Each structure stands twice: as structure tokens, then as C-alpha cells.
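Here is a short report for a reader meeting this structure for the first time. Keep the sequence and the model in view while reading.

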Amino acid sequence: MTRWGMAIDLDRCTGCEACVVACAAENNIQTVGEEQAREGRAMHWLRIERYYEGEFPNVRTRFMPVLCQQCGAAPCEPVCPVYATYRNPEGLNAMVYSRCIGTRFCANNCPYTVRVFNWFDAEFPAPLDSQLNPDVSVRPGGVMEKCTFCVQRIQAGKDEAAQEEREVADGEIKTACQQSCPTKAIAFGDLEDPDSEVSRWAESPRAFSLLGDLDTRPGVVYLSGTEWREPAE
Amino acid sequence: MTDRPQASARALDGELLGRLDRRRPGLLVGSLASGALVLVFFYCWGYQIANGIGVTGINRPVFWGFYIINFVFWIGISHAGTLISAILRVTKAEWRRPVTRSAEAITLFALAIGGLFPLIHLGRVTIFYYMIPYPNSRMLWPNFRSPLVWDIAAITTYIIGSALYLFLPLIPDAAVMRDRAAAGLKKRFYAVLALGWRGTSQQWHSLEWGIRILAVAIIPVAVSVHTIVSWDFAMTQTPGWKSTIFGPYFVVGAIFSGIAVLMIAMALLRRGLALDRFLTDRVFNNLGLLFVTMSLVWGYFTFAEHLTVWYSGDLFEKNVHHVLLHGDFAVPFWTMVVVNLVIPVAVLSFPRGRRPLPTALVGCGVLVGMWLERFLIVVPALSTPRLAYSIGDYLPSWVELGIMIGAIGVFACLYFTFTQLLPIVSVWEMREGWRHAAGGGESGRTSGAAPTATAAAPAPGGGGA
């Protein structure tokens, strides 16, 4: 059985936000505009959290890409009244957009605050409409969404392997954020396969889970050589 | 009754019902004003449905705002009636008699409005029925693990129960209205409500048993409803929400705000319909005592909740706690403590404070305070998420304000209409009280000095025949 997972090496992350852009392009994420973004309605599925340490001029910036952690024990799932979010057999917290009625309960119960909501119907004014990804549905207004681990790419990879009557090879399926990362800070693959790159990264002594003591059993593992103080203040 | 009634039962009927026939300018103005607010309500909701839920001020991370606050607030107010009136009926408190009807009407209307708010809140209200377990071709059920589905079950049960509980004791009065009305539409309306009531002893027997069973059955329903509303919050792992005290805390808060609105409604009714012979000072005194008790219980729960959070030292919980007590939300928080605890205790501890005007004013304060309490439960916890990067802010938009004020109008409109159509004081129960008092019945001891001129009171079966 597959359990899709991701490992992110924070020591390699430069905070360039290429992943954020790639994610938006791949997944037809609505661009809400300046005014809405100021109201806290920017819709990134993946965000780079920036934390500053020290006093000027001795300041150090830490970057942390935060996306849906695809929790093994996801707080978002049981609270949805209509099963619009559920755990699929491959360890993804799947979203069924057509089922979502927009209670936003899931987003309130997400300790990582990674869920984003379509406050209005999506608009893709020309020429943006011509770059929409045909493999990803455009979500209507009033619907919750979040990182899917590029489930359309996973599906395509599995289909291709099935046609060639073989298993999906490690590293064959790449998420958009991983593909665009210039420092190769992201690994993606099957956590159940002990030889996969992501499993090897996850075994690292530098590995930790975000808000690990909540025991949400995230599918995303972070790596950091220096002690990572969980940003709480 | 402290002021001794000199009326026979028939005269009493006439006096109570006569008030309904009289048109009072105050009621008319109230009806018109509330009617205008009803329009505001539906305009704002329509505007939101047409344009998207984004016309509100909610955002990430404050995904829930005024709608959920008002949902909890109105469900809380609904506890004015059914629960209080059921407890009073079960304990056979004589002074319940003039109170129950108005309380039960408040329950039903507040519930209807409270039940609307989660729908208003939905991103896609047009498919709200996905939450209801109905047979469908795809064999899809709602998620019974979700507190929102429990909510639907609880509130539906409560609405049906309260509607029955309001309706049953209304039947004999509807029959009286039917018999008094001239033939025509009005008579037919009351005839439908009276369900062919003839006042036979068999009918009285069934009615009394029905009310008795409902009064007992509705108490656990009422308690469970607000407990389940609290679980919308307490079942999450959100700092500031996950708390085992929330169930009883919400029930207490609901009864507290329920009594507040009951005090206001009774003071208004007493003035507006000149009912001071029925809603006596004694009634206000008793309710005032209950009111100040609930204020103290509420204060105790609030203290217990915040002390345990503060003492735990849990980092994320303390962040929420900090913005509440010393941070951005300190002003509403301490305002809430003053209007919910300090003022009620200061005023209602003294007999002079338990008169209609002061209790109603304290009630207004408590309504504000209990609304603030719900605001302080919903917003600070959401705006202070675990990952500091997402810390947010919330201001309602004009649409949310319009719907909130409009909802008050809808409530007032329903209440005014009800008061004009049906006796807001239960006529037959008052008459029964007279009879008890006169005959030194089982509960006569609680009704004060026995009235003298009630010997003419007929059997309660005289109702509609």
C-alpha cells in the first residue's frame, strides 16, 4: 500500500517562493487580488512562513514552507458534516469539491491553518484562462480547498505505470512545488517504501513533524539541522 | 397573587382576551418597525447569496464570524421558554401561569431564527440538504461524526418539541378565541388551531397528560441542544475551544440569556398590554432571584474556565487567553464581566432591584454581555492560531450587521404577530390557578393570599364549550 509523503529540507530552502508560484499555476488556484489578500483571503495552498530571529543588525531569517500536512489522523476530517474531506486509501486528505457546502469547520480545526476558502467564484481574466490546467477542476465560490499533493500528477503517473504494466518508480511522480524548487529542498514519494528518497529523508536525525505533539501523524516531514523553535509568539 | 383579583373566571377570560381586541398604537408601530427590519434581513441575505459569502468580513484564519456568534446567541435565547417553563411546570410553581406562554413563544421564534444562521453561514446554501440524511441515488450519508450533524438533529428535535409544547396548552385558548370570533376567516383560523376542542373531561385529561409528558421530555432535549452547540467548539483541538467545561457552560449561559430576554419581554408585555394584575411584582421578584442565581453560576463557570487555562501554562492556550484578558479583546471581555456579573449581582440582590424596570434593564445588559461572550468564544480563538504566521483579524461587513439587526426584526415581528393573534397569557391556566387558590388546591400555598371572589370558577372544562 502506498502512503504518499513529502520531506522538506529547511536548511536548503532559500524562501524564493518558486514553489508557491508553481503550485498556483499547476492547481488553477484563484488569484484574489490585492484588496482581498489584505483581508486575509489570499489562497495559497503552499505558503512560505518567514520568521526573524535576533535583533537588528544580527538578524537571521528562517523560512518554512507550510502546506497541507496530509495528516494520518487529520482533525479536519471528522468535523465535516458531508464527507467533503476524507482520507483516501493512499494517505491523502482528499477534497470532494462538489460535496463541499462551505461550513468551514475543517479549516477551523486545522492546526496548521492551511485550508483556504473560495470566498467568491473564481475569475481568470484573459489571458489567465488560457493557462488553466485541464487536469484540475476550477473550484466554485463557497468551497474549501487545499493542497492535494498534486493528485492529478499522482493519477497520471499511476496510469502511465499501469499502461506499461509496472510499478510506479520512486521519483517518477513529482509535485509542482518539488519540480520548481531550485535548491531541491523537497522530496516526494511513498513513505511505505523504505528505499524511497522521501523515506530516507524522513529517517534523518534532522527530521521532525510540525506541531508533532498534536499527534496528527503528518505525511509531511521537515528537516532542520539547527533546533527549530516552533514559532508560537 | 398579591393584588386580590375580584373577578370571576368569565370576567377573567373577558379581561385577558379583551386586550387582544383592542388595537394598541405601540404594537402597531412595533410591527411596522420590525417589518422593515425583516426586509433588511432578507435583502442582506439575498445580496450575499447572489454575490458570494465573500461579502462578509470573515477570512482566513477567522473562518467563523457573526453568523455563528448569532447562531449560538439565538439558540441561547431559545432557552428562555421551553426549559424554564418546563422546569416551572414540573415543579408546579404557581407563578409560572402568567409566564409560560410568552416564554414558549420566545423559544419557538428564537429557535427558528437561530436555526437559520448556520444556513446563512454556509458557503453554498443551495445544497444545505447534503447535511440531512435523506435517501439518495448515490447512497451518500452525512458524516455522523461531525458535531454539525448532531446540531441539525438536536435543533430539529428541539424545534418540533417546542412547537408542540407551545401548541398543546394553546388549544383551549384557541377554542375560546374561536367561540368569540364572528364567523369568517378569523373564526376558521382559530377553529383550525383549536383542533375541534370541546372541553370534555376526556379532552382535558389527554391535554394535561400531554403537557405533563412533554414538560418532562423537553428538559433533556433543551439541555442537550446547547450542549451540542458547545460541542461545535469543544470537539475541536483549537486552543481556546477544546474544553470539557463548554457543555454545562453553554447550557448555563443559554438559560441565563433566556431569562434575560424573558424579563424584558415580560416587562414590555406588562406595560404594553397592561397586564400588571397577572404579571405581578411577585413574579418579577421570583424570576429576579432565578436570574441572579444564574448570573452567579455563569460567573463561576467563567472563572473556572479561565483559571484552568491560565494555570495550565499551555503555550497556545495562553496566547488566546492573553488576547482575551489583556490584549485586543480585553475591552469586550471586561465589559462582559461587568454586565453579566457585577451589575446583575449589584442590582438583583436587593428586593427593590427585582422590580420590572430594573430587571428588564439588567436583562438588556445581560443580552449584550451574553452576545459578547459568544463573540469572545468564536473570534479570539480563531484569530490566534497555533502557527503565528497566520494570526488574523476580523471585522464584520455591513451585510453581516444587516442580517444580525434584521434577525432581531424578524423575531420582533413574529412575536408581535403572535401577541396580536393569540392570548400571550394562558387564559385557562390562569383560571385554573384562580381555582387552585380558591379551593386551597395542592399548589395554593405558593400563590400568596387566596383570592376571595373566585367561588364562581367553573370546572376547567368550561374553556371552549
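A36(B) sits in helix α2 of chain B, which covers residues 25–51. Is A36(B) buried or partly exposed? The model is a predicted one, and in it A36(B) has 13 C-beta neighbours inside 10 Å, so A36(B) counts as partly exposed. A36(B) and G406(B) are 370 residues apart along the chain, yet their C-alpha atoms are separated by 8.4 Å.

**Helix α4 of chain B**

Helix α4 of chain B spans residues 82–90. Seven of its nine residues are buried, so the helix is largely enclosed by the rest of the structure. The buried residues are T82(B), L83(B), I84(B), S85(B), A86(B), L88(B) and R89(B). Which helices cover them? The cover includes α5 (100–121), α6, α9 and α10 of chain B. Just after α4(B), K92(B) takes a positive phi of about 55 degrees.

**The nonpolar core**

The largest nonpolar core has 192 residues. I106(B), I259(B) and L262(B) have the most contacts inside it. Helix α10 of chain B, residues 246–272, gives the largest share of this core, 18 residues. Leaving out residues up to four places away in sequence, I259(B) touches A80(B), I84(B), L287(B), L290(B), F291(B) and M294(B). One of these partners, I84(B), is also among the buried residues of α4(B).

**Helices α6 and α9 of chain B**

Two packed helices are described by the angle between their axes and the distance between the axes. Helix α6 (residues 147–167) and helix α9 (residues 201–234), both of chain B, pack at an angle of about 150 degrees, with axes 9 Å apart. That angle is over 145 degrees, so α6(B) is roughly antiparallel to α9(B). The crossing of α6(B) past α9(B) is left-handed. Residues of α6(B) that meet α9(B) include W150(B), I155(B), Y158(B) and L164(B). On the α9(B) side, L214(B), I218(B), V225(B) and W231(B) are among those in the contact.

**Where chain B meets chain A**

How many residues of chain B are in contact with chain A? There are 36, and they meet 37 residues of chain A. Helices α6 and α12 (315–325) of chain B each supply at least two residues of the side that touches chain A.

The table gives both contacts by residue class.

| Contact | Nonpolar | Polar | Charged |
|---|---|---|---|
| α6(B) with α9(B) | 16 residues | three residues | two residues |

Note on methods. Residues numbered from 1 in each chain as written. Chains lettered and ligands numbered in written order. Predicted model: local features only at pLDDT ≥ 70, side-chain atom pairs only at ≥ 80, totals over all residues. Axes fitted to C-alpha atoms, helices over the stretch in contact; angles between N-to-C directions. Helix = DSSP H or I, 4+ residues; strand = E, 2+ residues; numbered from the N terminus. Parallel < 35°, antiparallel > 145°, perpendicular 65-115°, else oblique. Left-handed = near helix turned anticlockwise from the far one by under 90°. Contact = placed C-beta atoms within 7 Å. Nonpolar A, V, L, I, M, F, W, Y, C, P; charged D, E, K, R; others polar. Core = buried A, V, L, I, M, F, W, Y, C linked by C-beta atoms within 7 Å. Buried ≥ 20, exposed ≤ 12 C-beta atoms within 10 Å, placed from the backbone.
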